Every structure is written in structure tokens, then in C-alpha cells.
Amino acid sequence: MNSRDIAIKVENISKLYRIGLKENMHDSFGAAIFSFIKSPLRNYRKYRSLYKFDDINPNSGSKSHSNSSDIIWALRDISFQVKRGEVVGIIGRNGAGKSTLLRILSRITNPTSGHAEIRGGVSSLLEVGTGFHQELTGRENVYLNGTILGMKKKEVDQKFDEIVEFSGVEKFIDTPVKRYSSGMKVRLAFSVAAHLEPEVLIIDEVLAVGDADFQNKCLNKMQDIGQQGRTVLFVSHNMPAVTRLCERTILLHDGRVIEDGPSPQVVSAYLHSDLGSTAAREWPDAEKAPAGPVARLRAVRVRTEDGRITDTVDIRRQLSIEMEYEVLKSGQVLLPHFGLRNEQGTSVFVTVDLDPTWRQHPRPKGRYVSTVWIPGNLLAEGTLFVTCKLLTLNPNVLQFRERSAVAFHVIDSLDGDSARGDFVKTMPGVVRPLLDWTTQYDSDS
Amino acid sequence: MNKSSEINTPINIIKPRSGWQIIDFKELKEYRDLFYFLVWRDVKVLYAQTILGFSWAILQPLIQVLIFTIVFGKVAKLPTDGIPYILFSTVAIIPWTYMSQAMTQSSQSLISGQHMLGKVYFPRLIFPLTSVLAKLVDFGISMLIILGAILYYRVVPTWNLLLFPLFVMLMVSISAGVGMWLSAMAIRFRDVKHAMPFAVRMLMYTAPIVYSASSIPETYRIIYSLNPIVGVIEGYRACLLGTPMPWPYIWPGMITAALLLISGAFYFKRMERVFVDVI
């Protein structure tokens, strides 16, 4: 392969973080006072040490350094290449190193060792609306945000009308952004980002904003970007989006590349391994669980009618999806919520908790399991991704939302008593209900 | 894609940075539009939703001048080498206001911009320099006070006035040097934020703002003048009021200022690579 065809070349990149900020406990008042007096010196050493790790290398591991318990290898020896025009997805569990990799490629942070080359102008979108200022008008923020994302003033001048039109906030473009609704702000910000024209684009979950409509608009825009021959690196937890947008996907685990290949294969390998969102996900470590001030998610599970945890469901049988969560503060009305998407990223349906016991009733602290029953002969064959969400009402506050928390496959064993009947070819459609058919026959005509 | 554009394609190389590196001026130039918009944002946002708007840039130093004139001029009757106290303190307080504000704000620039720091790359040096430049607008506006005082006392301009840009440069360099040092330090040690208010106050009394430099004994003059703020203040006085240019007070400070600027740039560059990891 010609080296000019390579847009991104990553060679043996490693990144080390130091997290050694553990607070010491004192067992006596005297010790506490003594330590308080000594603390400026100790703090100085501690904060100073945070950036000293030039001497450690990823392969020799912990031996070369005295107190290695406080260091974390966010990336270990990552290497890959991306061809010009390729759209590559990066997936992996939280903490697998995805964001660190993007931050290194965006030059926000430096690798501890190894190096990377990016050919062509790079824009990275790790967030929508970086640098937006409440007091400035929409127009001023477009310029500010545009230049922050790497455009020249001249480029913003040229694209200004297009940006404003795409965002749909023409009428308020000279109003301070603080008077915008949050939706308008996001639309304007995304619209600036969508008009970047870098050769290499690095995107981190920016689609995790806005409503479903807007997310779809963003996905379409990204698809366009991919088709314009730009190189795109796309980090996401949204498996349907990854399969739809990227022809190739890299799976990271524990700071290493463990799969690299065509997206459907890698995504399915991820989902079937215990790394990805399988039929059951649990958060044994409360610290790492998705949580809001009132509730914390502890587990999501898919079960068959007889209660077995499964990732494969017969199309004819009912199944249940449950979320286990802790309520941390008493007295709030909760609204558990599941959303299902298929492989194409189409929303199949959204369902909210209607259980009359707790509906509109403030809940005491404790552990809850909310289960929804999905009848047989409703879902179409294929993989379904479950988003699990919980709101507190009045006011509406999102406590947690875990996209693609679990996934399961709906299969049809072709026994003839499903909605397929005797039809064996591909059957499109989001749902596949078993419907009654009647036929009228008139032999005389 | 044609040949020529292929050759021009920039290549970004990402690798561990060594600690000591000089300032990448080419890169700074590359980002000048962003620099411009950030400075402009700081200026615009400062007086947003205020009734008086930019009048604050005049009002703040003006009130300080009046207070100092009453306390130090009328009550304490500090010697001013024969210059009316109000004139004497105006030409000092306005550059001092600039320097104290620029230093305070740029020392906090990385902390207040830490969100942006973690989300997008541009030369980090832009953060402290933005504050230093944005404050120049206030300085420019508050020069009106000096102009008013000079007209009122009918001070005749002399050739010294030609040196005015030199002292503006010196003043900006000192602020930038201190800003680079402190902003890089503040990201690791938040102590800077708490120490800043009284450090600034102390600095004010180390410079001849409310009193005259000539009240410092001759023997200590060199040591005293190593404080670059002394040179700036005395320099402005000589420029604007036409008194003889006190070079012995200015030279030592210029050297300190240059050292401050260079060492600040080095220190900033050295710390730059770990900013994001330490926030």
C-alpha cells in the first residue's frame, strides 16, 4: 500500500495515568495534627508526582517503579492504520481506552510512548458546542465555535448562511445564546460542526445529544461526510450507529486492540463476548454504575418466560427485560423506561413503567427490580438493542441512561407456526405480529 | 486529488513531548483567528448585562485615584517630587490596574478554561495571552482619564512621549511572563488562586504607585529596581509628565522582565504536556 493512502498511522501508542491521590486516614488526633502540619510538603510532592512518569515503560509493567498501584495504563501498545476515506468505528466498554485514544489523536493529551501520524487537517469533535458562551449571540458563537474547531474566519464567513439555515435558528441568530432553548443551542452547535471540512474527522459520541429526530439528522449528516471521501474515526456505544456508519470497527479492551475488522463481525463479537452488552449487564461496583442523585442502575437482564437469562429469544415466546436499581433518596416519583432499537438503528418502540403500585407514588429508599413483559409474535427477527433509562418526575430529571445496555437476538426456528408461516425468504419490517387472515372464496365467478 | 495538494498536505505527528521546547510561533500564527475571537470574547463578555458597560473601565481606576489622592495625598501627604498628587497617582494607577487585572486573570485562565482544554486542541499559550491582550482594551479606554488629567493640569508633552510604546510593551511582557508562570502553576496547585489577591496587593506596595521612587534610599535602588513594575511606573511618569527619564530605575527591571518572559514561556511549555492529565 502506498504510504500516501494512509490517513492515520498509530504506532505502539501507550498512555499512562497516575491516579495516586488517595487520602490517608489518621488514627489519632495527634497524628492528624502532625500530618496537618506536614501536609503542605506532602501535598507538594503528591501533586508534583502526578506528571512524573517518564521512566516507566508499558511492557516492563510494574517492576520498574516503586509505587505502581497508583498508575493506570489507559492504552497499551496500540497500533493500527486507517486508509484515506475510511470510516472506522471504535468500540469497547467504558474504561477500555477509547476516549484516551481520541484525545491523543486530537492532540489534547500526549502519549506516554509511541507515536502517531495524521495526514491532512484534523478536526475533532469530542463535544458539541465547545466554547459556546451564554452572553454572546448566536452569530458570535458560530464564529467563536467555528474557529475553536479549527476553521479560519474566512471559512466561517463563507459557510455562515448555510450553517444558520441547517440549524433552523435564523430568527434568533442575533439573540444571546442564553435565551435559547437547550435544543436550539445544540442544533446551532451541531450545525457548526457539520460544516467542518477537514480531511480527517475524529468524533466522540457527539450523537448522545438531542432528541431522536435530531440524532437521526446527525447520523445522516455523518453518513454524507463518510461518503465524501473523508477519513472518520467514530467512537460510540451505539452499536446500531456503528454498524450503519462504519465499514470497519476496532474493538478496544483494557487499553489494547483486541478485534479489528468489518463492523458487523466486530460488533457481533463484542456483543457475544462478555465484554459487550450481552443479555445481562451488572454493575457490581457502585462507583462505576450509571447513576443520578436519586437512583443508581445496578443491572439489566433479558429473560425467557421461564426466567432463564438469555440472549436468544424464540420469536413466538414472550420475554422479559428487567432493570435493577437502587433508590438513594426517598420521596420521588420514578419512571423506568426501556427503548428498543434494531440493527438499522430504527427505534422499534419505547415503553414506560405502568405498574399501578408505584405509578405516581413516591418511592422509599431501597432496591427495586422493574420488569417489562414483551409478548411473543411482536418483534421481528434480528438483534435488538435495549436502552435503559430512568427519570424522576416533577421536574423531569434524567437519573441514568445506558444505551445498548443489553442486546438479544430474536430468532425464528421456522416451525411454521410463527408469523412467517411457510415463507422462508428475508422478511423486512420492524415488527412481525401474528395476524388473523381470512379469505373469501366465490367459486361462481 | 492533484499532485501539488498532496505535497502540501500537512502531516501531524503525535509523540511524547520532551519537556523543553521553544515557542512554536508558526503554530500560534496558524491560530490567529481563534486568538482574535477569544480576545474579543473576553472583552465583549466582561461588561455584558451591565448598565454602565465600558464606563466601568474608567470608573474603577478613577475611584481608586480619588481614594488614593485623599488618603495618601491629602491625609498622609506623601512627597511626589512636586507633582500634583492626583496627576502623580493617575499615571501610575492606570498601568497598575492593567497589570494587576491581567496577571490575576491570566493566572486563572487555564483553570477557567479547563473544560475547553479537555475537549479541543489549540496552542495552550493562547489561554494566558488572551487575558493579557483583552485587558489592553480596558487600558486603552482608561487612558482617557490620564488624558483628562494632563489637559486639566496643562502638562506640555515632551519627546519622552515617544517612549510610551516601549513601556506598554514592558508592561505587557511582565503581565504575560507572570501570567504564563502562574497559569501553568495554578493548574497543579490551586493555592495560586488563594494567594493571588494579597500577592497583588503586596506587589502594589513594592512599586512606586502611591509614593515616589525617590523616597527609596540610594543604596537600595538597584535591588528595588529589579522589580520590573518600578521601571514601568516610573517610565510612564516620565513619558507622560515630561520629567527626566529615570533610566537607573528602568534598566534593571527590563532585564528582569525579559527573564520573566523567557522563563515563563519555558515553564509553560514544559508543563503544557501534562495540563490535561492533571486537571
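Student: How many helices and strands are there in chain A?

Tutor: Helices (H or I, at least four residues) and strands (E, at least two) are DSSP runs, numbered from the N terminus. Chain A has eight helices and 18 strands. This is a predicted model: local features need pLDDT of at least 70, side-chain atom pairs count only at pLDDT 80 or more, and totals for chains, interfaces and linings use all residues. Residues are numbered from 1 along each chain as its sequence is written, while chains are lettered from A and ligands numbered from 1 in the order in which they are written.

Student: What share of chain A counts as buried?

Tutor: A residue is buried if 20 or more other C-beta atoms lie within 10 Å of its own, exposed if 12 or fewer, and partly exposed in between; C-beta atoms are placed from the backbone. By that rule, 38% of the 445 residues of chain A are buried.

Student: Why does V177(A) count as buried?

Tutor: V177(A) has 22 C-beta neighbours inside 10 Å, so it counts as buried. It lies in the loop between α4 (153-167) and α5 (182-194) of chain A.

Student: Which residues is V177(A) in contact with?

Tutor: Two residues are in contact if their C-beta atoms, placed from the backbone, lie within 7 Å. Leaving aside neighbours within four places in sequence, the contacts of V177(A) include F132(A), Q134(A), L136(A) and K185(A). For chain A, take the contacts with a separation of 6 or more: 71% of them join residues 24 or more positions apart.

Student: Which strands pair with β17(A)?

Tutor: Two strands pair if DSSP finds at least two bridges between them. Strand β14 (residues 334-342) of chain A pairs with β17(A) in the antiparallel sense over nine bridges. There, L340(A) stands opposite V386(A). Strand β18 (residues 397-411) of chain A also pairs with β17(A) in the antiparallel sense, over 10 bridges. C388(A) stands opposite E402(A) in that pairing. The hairpin of β17(A) and β18(A) has four residues between the strands, and N394(A) takes a positive phi near 50° in it.

Student: Is β17(A) mostly covered or uncovered?

Tutor: In a regular strand the side chains alternate between the two faces of the sheet. Strand β17 (residues 382-392) of chain A is mostly covered, with nine of its 11 residues buried.

Student: Which residues touch the most other members of the largest nonpolar core?

Tutor: A nonpolar core is a set of buried Ala, Val, Leu, Ile, Met, Phe, Trp, Tyr and Cys residues joined through C-beta atoms within 7 Å. The largest one has 166 residues, and L233(A), F234(A) and V386(A) touch the most other members. Its largest share, 12 residues, comes from helix α9 (residues 164-186) of chain B. Beyond four places in sequence, L233(A) is in contact with residues including V82(A), V88(A), I90(A) and L102(A).

Student: How many residues does each chain give to the contact?

Tutor: Chain B gives 30 residues and chain A gives 38. On the side of chain B that touches chain A, α3(B) supplies the largest share, six residues. Strand β4 (residues 113-119) of chain A pairs with β1(B) in the antiparallel sense over four bridges. A116(A) stands opposite I14(B) there.
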